[in-house]
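Hi everyone, thanks for making time this morning. I'd like to walk you through one structure and the side-chain contacts in it. Have a look at it first, and then we'll go through it together.

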Amino acid sequence: LNIGGDLQPDYALGIGLSAGLLKQVSPRWKWHLQARKIYFEIGDDHRWTRLSFDHNIRIRRNHSLHLTLSLEKAFGDTATEIGLNWYIFF
């Protein structure tokens, strides 16, 4: 369910699918490939698609590096995202 002023009418309700693959490449490195598709059929009729490829590398016991590459498409617009995060665990 999406609710917001940019939708016509102000809501969209849909159903979708999600699939992914998680792979332990090495003892310190794993990646996650994921695809999602949502079909909004009630309210503002549109489709939403997201493909993402995440990498997680354990640097030390309490430190890891996370890289995200994603492509998202909705309302005919496409957005690409690249993110790099350093996680510190206490």
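**Starting from Trp48**

Let's begin at Trp48: setting aside its neighbours within four places in sequence, this residue is in contact with Arg36, Lys37, Ile38, Phe40, Glu72, Lys73 and Ala74. Please keep in mind that this is a predicted model.

Which residues make up the largest nonpolar core? That core has 5 residues in all, namely Ala12, Ile38, Phe40, Trp48 and Ala74.

Ala12 also takes us to the strands. Its bridge partner in E3 is Gly43. Strand E2, residues 11–26, runs antiparallel to E3, and 14 bridges join the two. Between E2 and E3 there are 2 residues, and together these strands form a hairpin.

Now for the charged side chains. How many salt bridges does the structure hold? There are 3 of them.

Two involve Arg47. One is with Glu41, where the closest N and O atoms are 3.0 Å apart. The other is with Asp45, at 3.1 Å from N to O. How exposed are these residues? Glu41, at 45%, counts as partly exposed, and Asp45 is partly exposed with 48%.

The remaining bridge I want to show you joins the side chains of Arg50 and Glu72, at 3.3 Å from N to O. This pair links distant parts of the chain, with Arg50 in strand E4 and Glu72 in strand E5 (residues 63–74), 22 residues apart. Glu72 is partly exposed at 28% relative accessibility.

Last stop, the rings. Searching the whole structure gives 2 aromatic pairs. Trp31 and Phe53 make an edge-to-face pair, 5.3 Å centre to centre with 65° between the planes. Trp31 lies in strand E3 (residues 29–43) and Phe53 in strand E4 (residues 46–60), so this pair ties together parts that are 22 residues apart in sequence. Phe53 is partly exposed, with a relative accessible area of 26%.

Tyr87 and Phe89 form a stacked pair, 6.3 Å centre to centre and 25° between the planes. Both partners are partly exposed: Tyr87 has a relative accessible area of 36%, and Phe89 has 46%.

Methods:
Residues are numbered from 1 along each chain as its sequence is written. This is a predicted model: local features need pLDDT of at least 70, side-chain atom pairs count only at pLDDT 80 or more; totals for chains, interfaces and linings use all residues. Side-chain values use heavy atoms; hydrogens and water are left out. Rings of Phe, Tyr and Trp (its six-membered ring) pair if their centres lie within 6.5 Å; planes under 30 degrees apart count as stacked, over 60 as edge-to-face and the rest as tilted. Helices (H or I, at least four residues) and strands (E, at least two) are DSSP runs, numbered from the N terminus. Buried means under 20% relative accessible area, exposed over 50%, partly exposed in between (1.4 Å probe, protein chains only). A nonpolar core is a set of buried Ala, Val, Leu, Ile, Met, Phe, Trp, Tyr and Cys residues joined through side-chain atoms within 4.5 Å. Contact means heavy atoms within 4.5 Å. Two strands pair if DSSP finds at least two bridges between them. A salt bridge is a side-chain nitrogen of Lys or Arg within 4 Å of a carboxyl oxygen of Asp or Glu.
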